[in-house]
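Please consider the structure shown here, with attention to the way its elements pack against one another. The explanation begins at a single residue and widens from there.

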Amino acid sequence: MRGFSGRLTLTPEQIGQATALMQRIEAERETRREGRRVMLESLFVEFLLFLCRRFSEDSGPATRVMPVARAIGYMNRHYAESMCLDDLVVVSGLSKRSLIRYFKHTTGAPPMRYLQKVRVAKARSLLRNGEHSITRIAMDTGFNDAAYFSFVFKRHTGCAPTRYQERVMGTRVNAPPKAPLSATLEAD
């Protein structure tokens, strides 16, 4: 968190909980299983919320991290739904101006840009599966327009969703199926 100053005192039990969360993050980081990146992001958010709760319970300096953590948690749970800044204002309990300022200070991005990152991360995971069309993935990750989804995806990843899927799958996504060898031999 940029520019955040404060001190947190943890009990031995809380240190054990924090250590266990970090061990789960490390174990997931070392795995090669599908969905690893999304799982890492989820575990990181869980760790962030753990720390935010400790800060809010701590009698130390007041912090604005907890409202931002509530907004991030809401985004991670409801990324596929239509969402606007006013929804996040309600969830965080902050004014619109304060939410934007604290969010950007804490995460380095404004709330709606951060939501795009969450949606793109979820879309990348779905693209790796190769089970759904780009349009379906766009709809399933909260984008109401496949063209806008492609634009946002390319801005965040540097390539279009179809190209990303081709790279991950190792083949052309829309390539026509190859004829069976027996059909090729019969034609000759």
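Ala160 is partly exposed, because its relative accessible area is 27%; the term covers values between buried, under 20% relative accessible area, and exposed, over 50%, with a 1.4 Å probe and protein chains only. This is a predicted model, in which local features need pLDDT of at least 70 and side-chain atom pairs count only at pLDDT 80 or more, whereas totals for chains, interfaces and linings use all residues. Residues are numbered from 1 along each chain as its sequence is written, and side-chain values use heavy atoms, with hydrogens and water left out.

Ala160 is placed in the loop between H8 and H9. Helices (H or I, at least four residues) and strands (E, at least two) are DSSP runs, numbered from the N terminus. Once neighbours within four places in sequence are set aside, Ala160 is in contact with Phe153 and Lys154, where contact means heavy atoms within 4.5 Å. Ala160 and Phe149 are 11 residues apart along the chain, and their C-alpha atoms are separated by 9.3 Å.

The wider setting is as follows. The protein has 10 helices and zero strands, and buried residues make up 36% of its 188 residues. Among contacts between residues at least 6 apart in sequence, 59% join residues at least 24 apart.

Just after H9, Gly170 takes a positive phi of about 80 degrees.

Within helix H7 lies Ile137, which counts as buried because its relative accessibility is 0%. Ile137 and Pro161 are 24 residues apart in sequence, and 9.7 Å separates them in space, C-alpha to C-alpha. Apart from neighbours within four places in sequence, Ile137 is in contact with Ala123, Leu126, Leu127, His132 and Phe149.

The packing of helices comes next. Two packed helices are described by the angle between their axes and the distance between the axes. Here the axes are lines fitted to C-alpha atoms, for helices over the stretch in contact, and angles run from 0 to 180 degrees between N-to-C directions.

The crossing of H6 and H9 is right-handed, meaning that the near helix is turned clockwise from the far one by less than a right angle. On the H6 side, Arg124, Leu127, Arg128 and Asn129 meet Pro161, Tyr164, Gln165, Val168 and Met169 of H9. By class, this contact has five nonpolar, two polar and two charged residues; Ala, Val, Leu, Ile, Met, Phe, Trp, Tyr, Cys and Pro count as nonpolar, Asp, Glu, Lys and Arg as charged, and the others, Gly among them, as polar.

What angle do the axes of H6 and H8 make? The axes of H6 and helix H8 (residues 146-157) cross at roughly 95 degrees and come within 10 Å, which makes H6 roughly perpendicular to H8. From H6 the contact draws on Arg113, Gln116, Lys117, Val120, Ala123, Arg124 and Leu127, and from H8 on Tyr148, Phe149, Val152, Phe153, Arg155, His156 and Thr157. The classes comprise seven nonpolar, three polar and four charged residues.

Aromatic residues complete the picture. A pair of aromatic rings is described by the distance of the centres and the angle of the planes. Rings of Phe, Tyr and Trp (its six-membered ring) pair if their centres lie within 6.5 Å; planes under 30 degrees apart count as stacked, over 60 as edge-to-face and the rest as tilted. By this rule there are six aromatic pairs. The rings of Phe143 and Tyr148 have centres 6.1 Å apart and planes at 55 degrees, so the pair is tilted. Phe143 is buried at 2% relative accessibility, whereas Tyr148 is partly exposed at 41%. The pair of Phe143 and Phe149 is also tilted, with ring centres 5.2 Å apart and planes at 55 degrees, and both residues are buried. Phe143, Tyr148, Phe149, Phe151, Phe153 and Tyr164 form one aromatic cluster.

Conventions
Angles under 35 degrees count as roughly parallel, over 145 as roughly antiparallel, 65 to 115 as roughly perpendicular and the rest as oblique.
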